[in-house]
Amino acid sequence: MSSAADNLSLVLYPTKELKLENRPVPVPKDNEVLISIHCTGVCCTDIHLWSWGRVANINVETPTVIGHESSGTVVQVGKNVKKFKIGDRVVIDTSDPCLDCNRCLEGNYHLCASIKCLGLPPVHGTYARYVTHPAVFCHKIPDNMSYEEGALIEPLSVTVHACRRGKVTGGDKILICGAGTIGVLTMLTARSMGATKICVTDIRQDRLDFAKKLGADHVLLADPDSNICAQRVRELLGDFPDVSLDCCGFEATLRVAMKATKPRGAVVVIGIGPGEAKLPIAETMYKEIDLIGVNRFPNCYPRAIDLVASGAINVKPLITHRFKLEQAIEALKLLKEEKPGTVKVMIHCQKS
């Protein structure tokens, strides 16, 4: 682990250029572990950073190793680390908050004003052979969980947080806008929490077919008219959705969710869209709808790990493509092109 050649990494430049480079193997600080990355899933956030040079209010201003949905093996521990030993199999909560502000002390570390996150510039991420991270934000995974399944714990934790925020419970009727990876994981999570009827909408039939295959009760090719689409959702579910979860974040999907949801229901915003939208805000007033935001996944990794390890959620069917780290640029291109049949693209980072 002493040679720079051992740490092949995918670097995104401010010019929107991706390069594979050999970088030094990082040295863990006293409270950190060094992790040999096995698998990293390609996320739409990575594609946004590459395509737009930014995501939300974060801009690519310096060369940054991207990637954040990861699993691996602990290969070195800092001198203060007690909970891990060399050889432990782990997944990474990508957070690195201050742990001292009011938000952190409340348990809402994901809202820390000074939080740093793996793979979000300028913090280097996990399309790499090795990465260091605070031990407190790493989680052991059981032997019956593969490294590929472990890499899906990060996006699954987002959906656990979203369903908790929306208070999804037994008997609920659910609308999910968007049938990409997060949409399908949201569907699986809502089902594990007791939802009995789930309708998934999307503008692509191949994604709807996949959602149906994995357990959606109803799928709907979204109509451009939000009123028509909302009415069709209610017809398919036989009633208003109790909770609508928007996994796209676009104006069109938010409008459908707000118009479809029952009085005193909840609309949960998961997807990251353009940032601003013209919405039928009167819907929230007249129907007393709760409009709820979701940011990351505070304290959700243990639940997500248990859901997969117990078999309550099977994430393996989502993995449709696999690449080596040396093929990482090709892997990101595949997801960027949105070819039919592409769901989760997985990069294996270990040296073969």
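Analyst: **Loops, helices and strands**

Leu-99 is found in the loop between strand E9 (95-96) and helix H2 (102-105). The model under discussion is a predicted one. Leu-99 has a positive phi of about 65 degrees, although it is not a glycine.

Arg-264 is not a glycine either, and it has a positive phi of about 65 degrees. Its place is the loop between H8 and E17. With a relative accessibility of 64%, Arg-264 counts as exposed, since the cut-off for that class is over 50%. A further loop lies between strand E10 (116-117) and E11, and Pro-122 belongs to it. The peptide bond from Pro-121 to Pro-122 is cis, with omega near 5 degrees.

All 5 of the 5 residues of strand E11 (residues 130-134) are buried, so the strand is largely enclosed by the rest of the structure. In a regular strand, side chains alternate between the two faces of the sheet. In E11, Tyr-130, Thr-132 and Pro-134 point one way, while Val-131 and His-133 point the other way, and all of these are buried. E11 pairs with strand E3 (residues 32-41) in the antiparallel sense, over 5 bridges. One of the links can be named: Glu-32 has Pro-134 in E11 as its bridge partner.

The buried residues of H1 are Thr-45, Asp-46, Ile-47, His-48, Leu-49 and Trp-50. The elements that cover them include strand E1 (8-12), strand E2 (18-22), E3, strand E4 (54-55), strand E5 (58-59) and H11. Just after H1, Gly-53 takes a positive phi of about 75 degrees. Val-55 lies in strand E4, and at 4% relative accessibility Val-55 counts as buried, since buried means under 20%. Apart from residues up to four places away in sequence, Val-55 touches Thr-45, His-48, Leu-49 and Leu-120. Val-55 and Val-294 are 239 residues apart in sequence, whereas their C-alpha atoms are 15 Å apart in space.

The arrangement of helix pairs may now be considered. Two packed helices are described by the angle between their axes and by the distance between the axes. Helix H1 (residues 44-52) and helix H11 (residues 328-337) have axes that come within 10 Å and cross at roughly 95 degrees. This angle makes H1 roughly perpendicular to H11. On the side of H1, Cys-44, Asp-46, Ile-47, Trp-50 and Ser-51 take part in the meeting, and on the side of H11, Leu-332, Lys-333, Leu-335 and Lys-336 do. This contact has 5 nonpolar, 1 polar and 3 charged residues.

A second pair is formed by helix H7 (residues 226-237) and helix H8 (residues 251-260), which pack at an angle of about 50 degrees with their axes 8 Å apart. That angle makes H7 oblique to H8. Their crossing is right-handed. Ser-226, Asn-227, Cys-229, Ala-230, Val-233 and Arg-234 of H7 meet Arg-255, Val-256, Lys-259 and Ala-260 of H8. By class, the contact of H7 with H8 has 5 nonpolar, 2 polar and 3 charged residues.

The last topic is a sheet. Which order do its 6 strands follow? The order is E15-E14-E13-E16-E17-E18, the sheet is open, and the pairing is parallel. At the edges are strand E15 (218-221) and strand E18 (290-293), each of which pairs on one side only. From one strand to the next the twist averages 20 degrees. Strand E17 (residues 266-269) pairs with E18 in the parallel sense over 4 bridges, and the bridge partner of Val-268 in E18 is Ile-292.

Helix H5 (residues 181-192) lies across strand E13 (173-177), strand E14 (197-202) and strand E16 (243-246), and H5 runs at about 175 degrees to E14. H7 also packs on the sheet, where it touches E13, E14 and E15, and the direction of H7 makes about 160 degrees with that of E15.

Terms used
Residues numbered from 1 in each chain as written. Predicted model: local features only at pLDDT ≥ 70, side-chain atom pairs only at ≥ 80, totals over all residues. Heavy atoms only, no water. Axes fitted to C-alpha atoms, helices over the stretch in contact; angles between N-to-C directions. Helix = DSSP H or I, 4+ residues; strand = E, 2+ residues; numbered from the N terminus. Parallel < 35°, antiparallel > 145°, perpendicular 65-115°, else oblique. Left-handed = near helix turned anticlockwise from the far one by under 90°. Contact = heavy atoms within 4.5 Å. Nonpolar A, V, L, I, M, F, W, Y, C, P; charged D, E, K, R; others polar. Buried < 20%, exposed > 50% of the residue type's maximum accessible area, 1.4 Å probe, protein only. Pairing = 2+ DSSP bridges.
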